[in-house]
Amino acid sequence: MADGGVLKSSPDPEGKHFTVETPAYPDQDVGIVHKAAPLARNLRGRHMQMIAIGGAIGAGLFVGTGGALSTGGPASLIICYVIIGVMLLCTVQCLAEMAVIYPVNGAFFTYIVRFVDPSWGFAMGWDYAITWLTVLPFELTAASLTIRFWRTDINIGVWIAVFLSVLIIIQVFGVRGYGEVEFILSSIKICACLGFIILGIIINCGGTGPQGYIGAKYWYDPGAFANGFPGFCSVFVVAAFAYAGTELVGLAAAESEEPHKTIPSATRQVFWRIAIFYVLTLLMVGLLVPYTDPRLLHASNSNTKDSPFVIAILDAGIPALPSIFNVVITLSVISVANSCTFGSTRTMQALAERGMAPWFCAYVDHRGRPVYCVIIQLLFGLLAFIGESAQEGTVFTWLLSLSGLSYFFVWGSICLAHIRFRKAWVLQGHSVSELPYKTPLGVVGSYIGLGLNILCLIATFYVSVWPAGSSPDASYFFEQYLAAPLILALYIFWKLFTKQWRMWVPLAEMDITSGLRTELLTGNEDLETPWTWKNFPLKLVRLLI
């Protein structure tokens, strides 16, 4: 038994008893080997709301969807984004349930370690950290390349240095700086999305531009789908990259002032983010831009001139507005770069506390900042200067291949952690009614989320082997699926290092007490009432708002 721990005997549903080791203090995690100072709890409700609604909206939506539209067609674009949206809605709801009762460092990484398996948690934690570490230089380069919309005579390295300096300044202010910047930039992105939807309706109805009434003619000619089933499957990875960062709401729980209030409210906003800022905007894009437009072939996260949003505005002949929207894209990329520093640093700090990363990464200063993790992340930002190389495209392609599938693995693991947590919670003598916040979809939602993640991984594997519009290619396969062998290697490494060969943490041994907010275990009977026709409207509103 660990020092300071106590033994608790609890019955299982069959009347048998088992012994569970629990820490003497609820905040003392038995897995912590390098206990650090607490992170600053400076994120307020308005910060959490904006992080949930618009925090991850970036070039993946505004620019990257152009390539997806060209490859899969408008119908594939909408269907795949809806599928990923439903999957994420289930994922963030079960993440919220765990984050409210366990607002601990590392959030879902910690949940996976405790509720699934330490080796799998090690693989997920490092893969997630590596994802954000490698995405940062790409985003800095993308932000710098957006300036070429106006000026091509200034070296890209100048703008990389400028944006990296801005990022360094934000880090000085810690999590409050992250929250304030995201609040401002997310507000701008939300206004831009709403404005584009209104503008798109006007353009589509012939209210402006030389095109006249458009309607749904591009869904008939050239059509709604492109490149058949491979084209459809190819949209999944693009959609995952566009949705990436949605899980940051759970990661921010450890630095929220009142996680039991802000987390449930913030995660409910994800529905509106999916329904309005993804599905409706992409519906307008699919109505206004045919997938055969040759400019879409050049659409990438750094080539904003060929953004389908900018193309739609240019074709409508509206002066100045393309430049304004390009400003929004530039700010969106900076916002994602800001999220990179938050996602990677908090995950590395949690890894270090458990002895899964260098010990110095666990250090948190008196202002609640994981200083050494921030320095590591900003050093990775220097890789953005590769953008001046003639081979920058190849380098960034392989760097991003490390993160291509990461989100599917992480999201699926969150759902799996919630499924096993619920089982252990009941097995160790608790009732679901004790939980202060319960996902409206219950464990069924976690199974749906896990199943959809697995289906997306299968679909991505299929299109990696048989690419849309081309023959099989080994280089293309590893560009799309390199994250899978990386995760497997990390998992096997930690198994060999710790010599723990069991696949799961047994439910009876699962640590469900560390970091537990025991004062919240009062239950909420209103959330436990069954759905009926009488209370259906009220429960639907509470599910979404």
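**View 1. Helices H4 and H5 side by side.** H4 and H5 pack at an angle of about 160°, with their axes 7 Å apart; axes are lines fitted to C-alpha atoms, for helices over the stretch in contact, and angles run from 0 to 180 degrees between N-to-C directions. That makes H4 roughly antiparallel to H5, a term for angles over 145 degrees. The crossing of H4 with H5 is right-handed, meaning that the near helix is turned clockwise from the far one by less than a right angle. Phe108, Phe109, Ile112 and Val113 of H4 meet Pro118, Trp120, Gly121, Phe122, Met124, Gly125 and Tyr128 of H5, where contact means heavy atoms within 4.5 Å. This contact of H4 with H5 holds nine nonpolar, two polar and no charged residues. Here Ala, Val, Leu, Ile, Met, Phe, Trp, Tyr, Cys and Pro count as nonpolar, Asp, Glu, Lys and Arg as charged, and the others, Gly among them, as polar.

A word on the model: it is predicted, local features need pLDDT of at least 70, side-chain atom pairs count only at pLDDT 80 or more, and totals for chains, interfaces and linings use all residues. Residues are numbered from 1 along each chain as its sequence is written, and side-chain values use heavy atoms, with hydrogens and water left out.

**View 2. Helix H4 under cover.** Helix H4 spans residues 108–115, and eight of its eight residues are buried, that is, under 20% relative accessible area with a 1.4 Å probe, protein chains only. Among them are Tyr111 and Arg114. The partners that the buried residues of H4 pack against are H3, H5 (118–146), H11 (248–251), H14 (321–353) and H17 (406–427).

**View 3. Helix H3 meets helix H10.** H3 (residues 65–101) packs with H10 (residues 235–243) at an angle of about 60°, and their axes are 7 Å apart. On the H3 side the contact includes Gly72, Cys80 and Leu88, and on the H10 side Phe236, Ala239 and Tyr243. By class, 13 residues of this contact are nonpolar, four are polar and none is charged.

**View 4. Stepping back to the chain.** The protein chain has 22 helices and two strands, which are DSSP runs (H or I, at least four residues, for helices; E, at least two, for strands) numbered from the N terminus. Of its 545 residues, 58% are buried.

Conventions: Buried < 20%, exposed > 50% of the residue type's maximum accessible area, 1.4 Å probe, protein only. Parallel < 35°, antiparallel > 145°, perpendicular 65-115°, else oblique.
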